[in-house]
Structures are given as C-alpha cells and as structure tokens.
Amino acid sequence: MLDPFMGSGTTGVACVKAGRHFIGIEIDEGYFDIACERIRKAYAQPDMFIAPSPAAKAEQIGMLFDGGGS
C-alpha cells in the first residue's frame with residue numbers, strides 16, 4: 001500500500017493489522033514522527049484475534065517449562 005499523504009499514519013496502522021506492506025510519504029515532519037510512532041506501536045502489539053504460529057506457540061510453551069527465563 002502506498003499512502004502519499006500519510007498524515008498521522010492511520011492507513012499504516014491498518015496495514016500492519018492486516019499484515020500488508022506499507023509505504024507512507026508525509027511532508028510535515030511533525031506528522032511523520034507521529035505516524036512512525038503509531039506504526040511502531042502497532043507492530044509491537046500482538047493481535048489477540050489471530051492465533052500465534054506453531055513456532056511462537058512452542059516458544060511460549062517452552063517458556064512455561066523453563067520458568068520464563070532466557
């Protein structure tokens with residue numbers, strides 16, 4: 001998805017949630033910074049409605065058995 005007028009990044013956040021690639025362009029540096037932060041937070045927050053991959057699930061189970069430490 002290409003958003004040539006990114007603004008605060010709403011389209012970018014929606015793309016992250018939908019698992020789509022996103023390129024955004026914004027002339028205003030303030031809005032660009034806001035959009036980058038919102039998109040960064042969207043990547044960091046897992047989606048509770050999508051089941052984790054088998055590898056992620058195995059890692060979570062492993063963490064339960066080893067006390068949660070690394």
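The backbone nitrogen of Gly-7 lies 2.7 Å from a polar atom of the Glu-26 side chain, and the backbone nitrogen of Met-6 lies 3.5 Å from a polar atom of that side chain; a polar contact here is a pair of N or O atoms within 3.5 Å, where within protein one must be able to donate a hydrogen and the other to accept it, and residues adjacent in sequence count only if both atoms are side-chain atoms. This is a predicted model, in which local features need pLDDT of at least 70 and side-chain atom pairs count only at pLDDT 80 or more, while totals for chains, interfaces and linings use all residues. Residues are numbered from 1 along each chain as its sequence is written, and side-chain values use heavy atoms, with hydrogens and water left out.

Glu-26 sits in the loop between strand S2 (23-24) and H2, helices (H or I, at least four residues) and strands (E, at least two) being DSSP runs numbered from the N terminus. Leaving aside residues up to four places away in sequence, Glu-26 touches Phe-5, Met-6, Gly-7, Tyr-31 and Phe-32, contact meaning heavy atoms within 4.5 Å.

Turning to H2, Asp-28 caps its N-terminal end, with a side-chain oxygen 2.8 Å from the backbone nitrogen of Gly-30. Ala-35, Ile-39 and Ala-42 are buried in H2, that is, under 20% relative accessible area, with exposed over 50% and partly exposed in between (1.4 Å probe, protein chains only). The buried residues of H2 pack against helix H1 (10-18), whereas on the other side of H2, Glu-29, Arg-40, Lys-41 and Ala-44 are exposed.
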